[in-house]
Amino acid sequence: IVFSLVLLLSSQLAKATHYRAGEIVYRQIAELRYEVTVITYTTANSPADKPFIDQFFWGDGTIDTIYRINGPLNGGFPSGEVVGNDIQKNVYRGIHTYPGVPPPPTRYYVIGAQDPNRIDGINNIDNGNSVNVQFYVEDTIKFPTDLANIGFNNSPILLNPPIDYANVNDTFYHNPAAYDPDGDSLDFRLMVPLQAQSTNVPVYTYPDQWCPTNDAFVINRFTG
């Protein structure tokens, strides 16, 4: 009976998972101090929703819980913003002071947010069993060696949310409309999604590989 109950609870948790997309934006506010904003898009009013991400990795061995800051209060906590089509936008924010510049040769920290789980039925992740795959998004904070001349460094900002709709037998376009507030040049690449740092999601195929027709899946390196 206990084993059956565990299976039942596991099934209910799986059906409640809800992550669709996400991104990280960081802003340098002092020499070793950063403000990080995690923006996620989830299924609206999911029973798996919670007002925080309990695993945010700062890259220096520190793991924090970061809390949602947008939407009307529910039980004393912001509840996110429903943006239509059963999609909820969530904004989480945290601030961290690093103990020092990372030693060479890296000169960077990899920051990341990890939380269960993705929505079900993403065909090109684990043959559609994406509901059991952790959601993970990361960014890299690079420390310049000549801060006095280079100045503070902030992440690019995406103006278009990563939520789109496509029509069968029609060309699909997505442009993140990224810009860099520091005026740095941007270079765009396609990458396999991750479920943890340095760990790809299982059985991933690019969309044109999953649909064996004359499809092409490309990105313009310079414009996104």
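Predicted model: local features only at pLDDT ≥ 70, side-chain atom pairs only at ≥ 80, totals over all residues.

Trainee: Then why is the pair Arg-68 and Asp-49 called a salt bridge?

Mentor: Their side chains meet at 2.8 Å, N to O. Arg-68 sits in strand β4, while Asp-49 is in the loop between β2 and β3, so the pair ties together parts 19 residues apart in sequence.

Trainee: How do you know whether Arg-68 is buried or exposed?

Mentor: Its relative accessibility is 5%. Buried means under 20%, so Arg-68 counts as buried.

Trainee: And what makes Asp-49 partly exposed?

Mentor: Asp-49 has a relative accessible area of 25%.

Trainee: What makes Arg-27 and Glu-35 a salt bridge?

Mentor: The closest N and O atoms are 3.3 Å apart. Again that is within 4 Å, so the pair qualifies. Arg-27 is partly exposed at 41%, whereas Glu-35 is buried at 15%.

Trainee: Which residue does Lys-50 pair with in a salt bridge?

Mentor: Lys-50 pairs with Asp-115, and the closest N and O atoms are 2.8 Å apart. This one links distant parts of the chain: Lys-50 is in the loop between β2 and β3, and Asp-115 is in strand β9, 65 residues apart. Asp-115 is buried, too, because its relative accessibility is 2% and the cut-off is under 20%.

Trainee: How many salt bridges turn up in the whole structure?

Mentor: A search finds four.

Trainee: Okay, on to strands. How do you know that β1 and β2 pair?

Mentor: Pairing needs at least two bridges. Ten join β1 to β2, so they pair, and they run antiparallel. Gly-22, for instance, stands opposite Thr-40 in β2, and a hairpin joins β1 to β2 through two residues.

Trainee: Last one: what is Pro-181 in contact with, leaving aside its neighbours within four places in sequence?

Mentor: Pro-181 touches Asn-154, Ser-155, Pro-156 and Ile-157. Pro-181 lies in the loop between β12 and β13. Pro-181 and Asn-154 are 27 residues apart in sequence, with 7.0 Å from C-alpha to C-alpha.

Conventions: Residues numbered from 1 in each chain as written. Heavy atoms only, no water. Buried < 20%, exposed > 50% of the residue type's maximum accessible area, 1.4 Å probe, protein only. Helix = DSSP H or I, 4+ residues; strand = E, 2+ residues; numbered from the N terminus. Contact = heavy atoms within 4.5 Å.
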